[in-house]
Amino acid sequence: MPGLIERYRDRLPFSAGDPVISLEEGSTPLLFAPRLSERVGAEVHLKLEGLNPTGSFKDRGMTCAVSAAVRDGAEAVICASTGNTAASLAAYAARAGIRGVVIVPEGKIAVGKLAQALMYGARVISLAGNFDAALTLVRQVASVHPIALVNSVNDFRIEGQKTASFEIAEALGDLDALCIPVGNAGNITAYWKGFREVGLAPRMFGFQAAGAAPLVHGAPVAHPETVASAIRIGNPARWEQAMDAMTSSAGGVAAVTDAQILDAYRFLARQEGVFCEPASAASVAGLIAHGAGGAERVVCVLTGNGLKDPDTALSQVSGVVACAAEISAIEAAVL
Ligand code: AN7
């Protein structure tokens, strides 16, 4: 499949001769979830964004943001990140042949994401502060130096990410509700824009981790905490737009506890064969805990791949079975 810019150029801010930096992102599966559907009493589909080239939905936005940066002559791109934006930026910067710089909160990014950012060759800066502090600082740096800021405050990110709604519309025709995790609130903003552009208006339900739920409280959270490190964000940049998406679609925002997130995380792996990362499971945790306003057909966005965070996965399972290299021991272990 061609990448997003090629597929949807007529609905994206790119012209025919513009450079395209792509890893053939998008075109991700929309998988029916029979057991989850039975559990919540609705027809539930999972948008598997973890199957993008770097394992998260960020690639949709990054192909657009980096292509635009290259078009505009940028020699470097920068972001603050809880991990996935960093991995994606690093990959697209490598592909473009420009410098990538990422600022991540010290000790709070999943190990797979860190490995990605480093392998793709970005400069990885570990900040003694959280995501919100990192975002404030990169905005300052990008405002005075010729470095393109590619966090979701960059409108090209929203443009790219809205294409997931186009794909859902193509696959289903229509849907009643969308459940999505909310961190910095770029993705819910993008999905709503995409749905509006194809004439759909599903109810938008955003879910935040209970320890990092500023939209639920109506006030920034100074010290956000959650096992879902990707959405450990206390002051979302797209706050108003996220609230607008939820209110104008008659959806809503609610919190899910870490225990609820981890329950959904295990359920998806064991009952549906889908391994997503903890932040992604917040969409399903929210659907299970709060419902989707009686919607019949629901899409849950699974934003990132489970392989990104092996530490959390291993904390949720019993260990491997040790065994001597003898047939009787093997039989005892297997049977
Ligand atoms: C797996 O990488 O903010 O509400 O810096 O990685 O658009 O922020 C990640 C966010 C959900 C929330 N699921 O999306 C980053 C970053 C996963 C994520 C979100 C993120 P937004």
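Which polar backbone atom is 3.2 Å from an oxygen atom of the ligand? In this predicted model, the atom belongs to Gly186. Two further polar pairs involve ligand oxygen. A backbone N or O atom of Gly183 lies 2.8 Å from an oxygen atom of the ligand. Ser81 contributes through its side chain, with a polar atom 3.0 Å from a ligand oxygen. The protein buries 99% of the 470 Å² that the ligand exposes when taken alone.

In total, 24 residues surround the ligand. The closest are Asn84, Gly183, Asn184, Ala185 and Thr303. Sorted by class, the shell holds twelve polar, ten nonpolar and two charged residues.

The placement of the ligand follows from the domain layout. Domain 1 covers 4-56 + 156-315, and domain 2 covers 58-154. Both domains give residues to the shell, so the ligand lies between them.

Notes: Residues numbered from 1 in each chain as written. Predicted model: local features only at pLDDT ≥ 70, side-chain atom pairs only at ≥ 80, totals over all residues. Heavy atoms only, no water. Near = heavy atom within 4 Å. Polar contact = N/O pair within 3.5 Å; in protein donor to acceptor, adjacent residues only side chain to side chain. Areas by Shrake-Rupley, 256 points an atom, 1.4 Å probe, with all protein chains shown as cover. Nonpolar A, V, L, I, M, F, W, Y, C, P; charged D, E, K, R; others polar. Domains from an automatic or database assignment.
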